[in-house]
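The notes follow in the order I took them.

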Amino acid sequence: MKDSKDIVKELIQWYKENARDLPWRRTKNPYHIWLSEIMLQQTRVEAVKPYFQRFLQTCPTIEALANTEEDTLLKLWEGLGYYSRVRNLQKAAKTVVDEYGGALPQDYHALRKLKGIGPYTAGAIASIAFSLPYAAVDGNVLRVMSRLTADERDITLASTKGAWEEELSSMMPTGDEGNFTQGLMELGATVCLPNGNPKCEICPVRRYCQAYRKNAVLQFPVKSPKKERTKEYLSVFFLVHRKKIALQKRDGKGLLSGLWQLPNCNQEKALPVALSEWGILSGNIKDMKAQKHIFTHIEWHMSCYFVEVENESKDFLWLSKETVENEYALPSAFKKIWQEGCSLLED
């Protein structure tokens, strides 16, 4: 790439002077860097900070992570979403304990074999923790490089991402691999912003940017349109029996697999039919506010009901409000329903 050495040099200098003070940047501990990168997937930096600190208090080492009960991990992760991330984190931790003595391997290809570690996360750990010449290419980095070079390749294609991984790995400065990786991340996160809001006036590499020169910054990156989300329509029940609330465990596969939820069914099923199928013979049904929750590829449209029942169904776990809030991870999709249900319970 033209001017690559100058771009690398100026980007690293800018990063050293302007980097945000984030907890995981104060260390070279590979475990901390790994944890932060997993938490930051699909999640804002400010949201991650308290989770990162709290998680390390309970799981200060990879060995501790490997040996922690799954329900405890899910509770620590509650609110971050994409719970498969923490399950994969623990699976990888167990492998690291069994095969590498509890320390992450200082090898990119070995990192890639661990559960939940893809090319981006492996590149981040390798370059930041171990100073190895492997790039970490995510959406932020693809946006930066697409604009810098006015690259018209579709960034949603694996081939485009792979090409940039190879190109950026070849640009890695010896001894400063981690700062280069984090400099690209920081530029994309704070300056070369998406959705029509780039801050070109403060960009440290603006004079090299081909998109800026062509007055075409907003035309990059190029990406194919997203597929329309699938819509699902659910009836969700806040079931109460003598101050105890029903929770149901989801199936072990698919969306929110294996997590606890409020009982629900497809809206095509009549409410009394759903209740009777669960062995609930009678109940006083009150309407609650309808809710919507958006996942990556699915939208849930939920009609919600507060139901005081006369018997406890064996299909569910019946728990006090305090027990649920202290010990069980409830997915964000049900949070507003939970809050309204608890308010009605106290009335």
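**Aromatic pairs.** I began with F295 and W300, and found both buried. The model is a predicted one. The ring centres of F295 and W300 lie 5.0 Å apart with the planes at 75°; planes over 60 degrees apart count as edge-to-face, so I logged this pair as edge-to-face.

I then searched the whole structure and got 13 aromatic pairs. Another of the pairs I noted is F55 with W77: centres 6.1 Å apart, planes at 80°, so edge-to-face. I looked up where the two rings come from. F55 belongs to helix α3 (residues 45–58) and W77 to helix α5 (residues 70–77), so the pair ties together parts that are 22 residues apart in sequence. F55 and W77 are both buried.

Ring pairs also join F237, W278, Y305, F316 and W318 into a cluster.

R54 sits over the face of Y51, 4.9 Å from the ring centre.

I placed D154 in the loop between α9 (139–149) and α10 (158–171). I then checked what surrounds the residue. Setting aside neighbours within four places in sequence, D154 is in contact with T160, V222, K223 and S224. For S224, I noted that the backbone nitrogen lies 3.3 Å from a polar atom of the D154 side chain.

**Backbone.** I went through the backbone for exceptions, because most residues other than glycine have a negative phi and most peptide bonds are trans.

The peptide bond from F220 to P221 is cis, with omega near 0°. I located P221 in the loop between α12 (210–213) and β1 (230–241).

A150 has a positive phi, near 50°, and is not glycine. I found A150 in the loop between α9 and α10, and D154 is in that loop too.

I placed K243 in the loop between β1 and β2 (244–249). With a relative accessible area of 53%, K243 went down as exposed.

Methods: Residues numbered from 1 in each chain as written. Predicted model: local features only at pLDDT ≥ 70, side-chain atom pairs only at ≥ 80, totals over all residues. Heavy atoms only, no water. Phe/Tyr/Trp six-rings, centres within 6.5 Å; stacked < 30°, edge-to-face > 60°. Helix = DSSP H or I, 4+ residues; strand = E, 2+ residues; numbered from the N terminus. Buried < 20%, exposed > 50% of the residue type's maximum accessible area, 1.4 Å probe, protein only. Lys NZ or Arg CZ within 6 Å of the ring centre and 35° of its normal. Polar contact = N/O pair within 3.5 Å; in protein donor to acceptor, adjacent residues only side chain to side chain. Contact = heavy atoms within 4.5 Å.
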